Amino acid sequence: MRKTYGTGSVWEQSLGYSRAVQVDNTLYISATAASGPDGIVGEDFYSQSKYILEKLGTVLADAGFSYEDVVQSKLYLTDISKWEDAGRAHGEVFGDIRPTLSLVHVLPFLDPQMLVEIELVAQKSAN
């Protein structure tokens, strides 16, 4: 079974991607930025990471998953020296869940106000 989830973003259509794709019991969520209805939300690594994780919680829920199902997390940071700030927001959500984690230093994103993107993989137990 393969199912796609979108947000209605013009980028999804023009670039040909989905916010998330579910294959059987696994959900793959595209890298997500702190973009809100009025632009980028948050001016630092902690607040952007926190906002992104809230957005991703909604994506998970819409697909019938939860934070507890997350098995892999990747944080893409434009300034790797700020890893602790982004990591603090991540730890507030995943402290007891403990998915795998990658911290990746990247060049600036298309919008220079974007400091962080987060990508998740979630998997439900096959019961």
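Trainee: Which residue stands opposite Val104 in E7?
Mentor: Tyr76 does. One caution before we go on: this is a predicted model.

Trainee: What makes E6 and E7 a pair?
Mentor: Two strands pair if there are at least two bridges between them. E6 and E7 have six, and they run parallel.

Trainee: How does the chain get from E6 to E7?
Mentor: It crosses through H3, and this β-α-β crossover is right-handed.

Trainee: What makes the crossover right-handed?
Mentor: Point the strands away from you. The path from the first strand over the helix to the second must then run clockwise. The crossover from E6 through H3 to E7 is right-handed.

Trainee: How do you know that E6 also pairs with E8?
Mentor: Count the bridges. Seven join strand E6 (residues 70–77) to E8, in the antiparallel sense. At least two are needed. Val70 has Ala122 as its bridge partner in E8, and Tyr76 stands opposite Glu117 there.

Trainee: Which other strand is joined to E8, and by how many bridges?
Mentor: Strand E3 (residues 26–33), by six, again antiparallel. Within that pairing, Tyr28 has Val121 as its partner.

Trainee: Why is E8 called largely enclosed?
Mentor: Buried means under 20% relative accessible area. Six of the eight residues of strand E8 (residues 116–123) are buried, so the rest of the structure largely encloses this strand.

Trainee: What does Val116 touch?
Mentor: Leave out residues up to four places away in sequence. Its contacts then include Thr32, Ala33, Phe45, Ile52, Tyr76 and Phe109. Val116 is also one of the residues that touch the most other members of the largest nonpolar core, which has 30 residues.

Trainee: Which elements give two or more residues to that core?
Mentor: E3, H2, E6, H3 and E8. H2 gives the largest share, seven residues.

Trainee: What covers the buried residues of H2?
Mentor: The cover includes strand E2 (20–23), E3, strand E5 (39–40), E6, H3 and E8. Among the buried residues themselves are Phe45, Ile52, Leu56 and Leu60.

Trainee: Which residues of H3 are buried, and what puts them on the same side?
Mentor: They are Ala86, Ala89, His90 and Phe94. They cover an arc of only 120 degrees around the axis, which puts them on the same side of H3. Their cover includes helix H2 (45–62), E6, strand E7 (100–105) and E8.

Trainee: Which residues beyond its sequence neighbours does Ser35 contact?
Mentor: Ile40, Tyr51 and Lys55, leaving aside neighbours within four places. Ser35 and Ile52 are 17 residues apart in sequence, with 8.1 Å between their C-alpha atoms.

How values were computed. Residues numbered from 1 in each chain as written. Predicted model: local features only at pLDDT ≥ 70, side-chain atom pairs only at ≥ 80, totals over all residues. Heavy atoms only, no water. Buried < 20%, exposed > 50% of the residue type's maximum accessible area, 1.4 Å probe, protein only. Helix = DSSP H or I, 4+ residues; strand = E, 2+ residues; numbered from the N terminus. Contact = heavy atoms within 4.5 Å. Arc of directions from axis to C-beta. Core = buried A, V, L, I, M, F, W, Y, C linked by side-chain atoms within 4.5 Å.
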